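Here is a short report on one part of a structure. Look at the model first, then read on.

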Amino acid sequence: MTATETRLVTARLRERPQDSWTMEGFLASGGYTALRQALGMDAATIGPEVVGPSGLRGRGGAGFPAATKWSFLPPDSFPRYLVVNGDEGEPSTFKDRMLVELDPHQLIEGIAIASYAIGCNQAFVYLRGEFALGYERLTQAIKDAHAGGFLGRDIQGSGFDLEIVVHRGAGAYICGEETALLESLEGERGMPRIRPPFPAIAGLYAKPTVVNNVETLSTLPHILQMGGAKYGELGVNKSTGTRIFSLSGHVKRPGNYEVELGITFRDLIESPELGGGVPDGRKVKFFIPGGASSQWLTGSDEHLDAPLDMDFVQQTYSVMLGSGAVMVYDETTNPVLVAWRLAKFFAHESCGKCTPCREGAGWVEKVLYRMSHGQGRPNDLDLLFDVGNSISPGVVNAPFTQTTICPLGPSVVSSVASLHRYFRDEVVEMCSNRSPSIPVRAS
Amino acid sequence: MNFNATNLARAHEIVAQYPHAKSAILPLAHLAQDQDGWLSPEAMREIAEIVGVTPAEVLGTCSFYTMFKRTPCGKYLVSVCTNVTCLVLGGPEILEHLQDRYATDPDVTVEEVECLAACGNAPSMQVNYEYHEHLNPDLAAAVVDDYKSGTLSARTISGGRA
């Protein structure tokens, strides 16, 4: 059977490309009915009795069960805040941008449901600074929702109040890490905080705070409408429901595809209704299954036939589905060049707070630069290992040990571990044919 | 520089949205940059006054973020992605072409940026945070030229609308 999309969260934006982001388009396609439904329920039951049975796990990267996260809030501590993580910056992830630009009311509805469920009256959306159109659409949608009585005081006569502030970031990947995001929202440099205390206890302004991803919240209205148990029947094992995968690179049909979890990477990459396969009859050499921070998989049948199941791929191959970005590279790709560009990204985005990440990322980048530009040395992979071990002791054993406050440091060594695991011979061969010229470096 | 009357009123509205005024540093820096085309020391001093912190604290925050241009830049900020999807689909070639072509053009600042979340239509770039996708070097140059000639109307330097 050919794998196809299962559209819940993306249904409206695909079916109404002309007006999915407007109040008219939203209301005409069932918008805000889930919020009304939620407001008629006992707020305290929504987490444990609806979201819990749905099995919904965070769509930002870590995959933590959403209802469990909510349950960590201390019962009698107010005010409390909901903070929406819309700082999508993981390389090759582009689902949240789509959801904010094309269906902002769905996000607002999800925020309102979550806020009602956890008892908060003030939510903040931390939106990536570069999303200028998304910012315009979301702020307009919030104004329209106010006018329509879906935000503000006494929403739909329920007695529940909610305000949403959209806060633009300013170009720092690390602010997608939840505690760095909170620092940034408080007007500080975006540097992660040491936990504990966790945000649920002392988050924004040291108040109890839940941080949820854009896609996670955009899924809530559908869970309310379907019923938690019904949603939980979708998917596979503990990876329930649908997820949006951002497919890019060497595929005929790159783009965002919402699929039921449990289909295989081959389905996603090759199905004619999804990725459509690699162009020009070439084959997959390797792919990065969950954003830049994940280890890689190869074009082997075993890897391509692995299911999109968060726990299975973690336990079996030490990779993660992470943010849902799948980058595909064909046989013409030099894996060292890709590894170098990833290292350059992490070196640039390291916030500088922890020494192993700040210094280590720079060294990994420098060594990978010379390796990918004809100046590699035969023992360079071992040198990378030495540096990698200082960032994450036992570098090939994922999940990586952490010497840093946040996971950005360990992410630096994912590509090093992947080169070692799958391309060692190719890399050593490349590094034994050193070019006589000295590479000139622009910056 | 000082906020003009409209933006000063807007600045106070923004501050009032937050339980703590310091949270307004980022939005006020965007506002100042949209007004002036860059984030000047004077603007940071004024922001400090409005939110009630020292100018050093505002600088300390703003210097962390790449979107804040603390030296004057061109009217058109061209941000070209070369991250791992654009890397294999032609991003670096676009960057090189635009850097050469506009090397001496004071109106155009070309910068290399990290993933713009437009990988489905790679290679891509932004001009003042407006997306342009499915590019090649010639198409990218044509887009920049369209802004210069006024065929395309540009956002302000932090992605706002004048």
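How many bridges join strand S1 of chain B to strand S3 of chain B? There are 3 bridges between S1 (residues 76–81) and S3 (residues 125–127) of chain B, and these strands run antiparallel. Val78(B) stands opposite Val127(B) in S3(B). This is a predicted model: local features need pLDDT of at least 70, side-chain atom pairs count only at pLDDT 80 or more, and totals for chains, interfaces and linings use all residues. Residues are numbered from 1 along each chain as its sequence is written, and chains are lettered from A and ligands numbered from 1 in the order in which they are written.

**The sheet.** In chain B, 4 strands form an open, mixed sheet in the order S2-S1-S3-S4. Two strands pair if DSSP finds at least two bridges between them. Strands S2 (108–113) and S4 (130–132) of chain B are the edges, each pairing on one side only.

Helices (H or I, at least four residues) and strands (E, at least two) are DSSP runs, numbered from the N terminus. A residue is buried if 20 or more other C-beta atoms lie within 10 Å of its own, exposed if 12 or fewer, and partly exposed in between, with C-beta atoms placed from the backbone.

| Residues of H3(B), residues 41–51 | State |
|---|---|
| Ala43(B), Met44(B), Glu46(B), Ile47(B), Val51(B) | buried |
| Pro41(B), Glu49(B) | exposed |

Seen down the axis of H3(B), the buried residues fall within an arc of 160° (taken from the directions from the helix axis to the C-beta atoms), so they line one face of the helix. After H3(B) comes Gly52(B), with a positive phi near 75°.
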